[in-house]
Amino acid sequence: MDWKPGRQEIVASATKTRVRYNRNTIYDSDGNDYQATWNWRLGNRLSGNAGATESLSQSNFDSVGLVNNQVTRKRRFGRAEWEFHPRWRIGGGIETADYANSAPSLVSQDVQQRTQDVVLTYHTPKGSSLRAQVRRIDAEYPNAQCLSNAFPFCFEVADNSYKTEYNLLGDWSVSGKLKLHGQAGWVDRKYENTLRNYSNFLFLRPNHAPISTASQGESRRTGTPLVKPC
């Protein structure tokens, strides 16, 4: 569904899936994917979005082995942006995500994540942009997990992490079909129960992509589920 009442837009979708095997029926699974987003606008200066998604799908066997693990993903988000000048914008957002695994052997990978950020953006006359961002990502693992052991004992602690990023991001429009992306920043990550804290300067060399696409993600054990969210 894509409904546009006035200057607002409401987008919603629902998908059901069924996976059946001829032989190994123990790996049969059912899935779903529900999404709803409200893209709102107030006057000529204020805009943003709010929405929620929920999905259920089977883990990739390459990631978890021959285990029929169903991952439930729940996500809630909201964002607002104020265009206080034709070339300047300031905005912020908040997002919560909850990932839960059905297999008992993988419940230690369940994670609850909260992300908040504030961004100041400048747009050049030629379509390029420069953004200064402060982002905070808190990841909490509700189920204890074995991080170290001395047989037959296992020391179980929650591997919660708290990360703060200070980023400078740039998008340069080289031509009508090509855009360069670059990022530099400082990352500070702390853990609640393990001595793996670190701070480091982050620099990503510019990379190019078609002007119609842009993606950014993170895929590591800390702060992410076994199956990367869509």
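Phe61 is partly exposed, at a relative accessible area of 25% (partly exposed lies between buried, under 20%, and exposed, over 50%, with a 1.4 Å probe and protein chains only). This is a predicted model, where local features need pLDDT of at least 70, side-chain atom pairs count only at pLDDT 80 or more, and totals for chains, interfaces and linings use all residues. Residues are numbered from 1 along each chain as its sequence is written, and side-chain values use heavy atoms, without hydrogens and water.

**Aromatic pairs**
- The whole structure holds three aromatic pairs (ring centres within 6.5 Å, using the six-membered ring of Trp; planes under 30 degrees apart are stacked, over 60 edge-to-face, the rest tilted).
- Tyr27 and Phe61 have ring centres 5.3 Å apart and planes at 65°, so they pair edge-to-face.
- Tyr27 sits in the loop between strands S2 (9–19) and S3 (29–42), and Phe61 in helix H1 (residues 61–64), so the pair ties together parts 34 residues apart in sequence (DSSP runs, numbered from the N terminus: helices are H or I, at least four residues; strands are E, at least two).
- Tyr27 is buried, with a relative accessible area of 14%.
- Trp88 and Tyr122 have ring centres 4.9 Å apart and planes at 45°, so this pair is tilted.
- Trp88 belongs to strand S6 (residues 88–101) and Tyr122 to strand S7 (residues 111–123), 34 residues apart.
- Trp88 is partly exposed at 32% relative accessibility, and Tyr122 is partly exposed at 28%.
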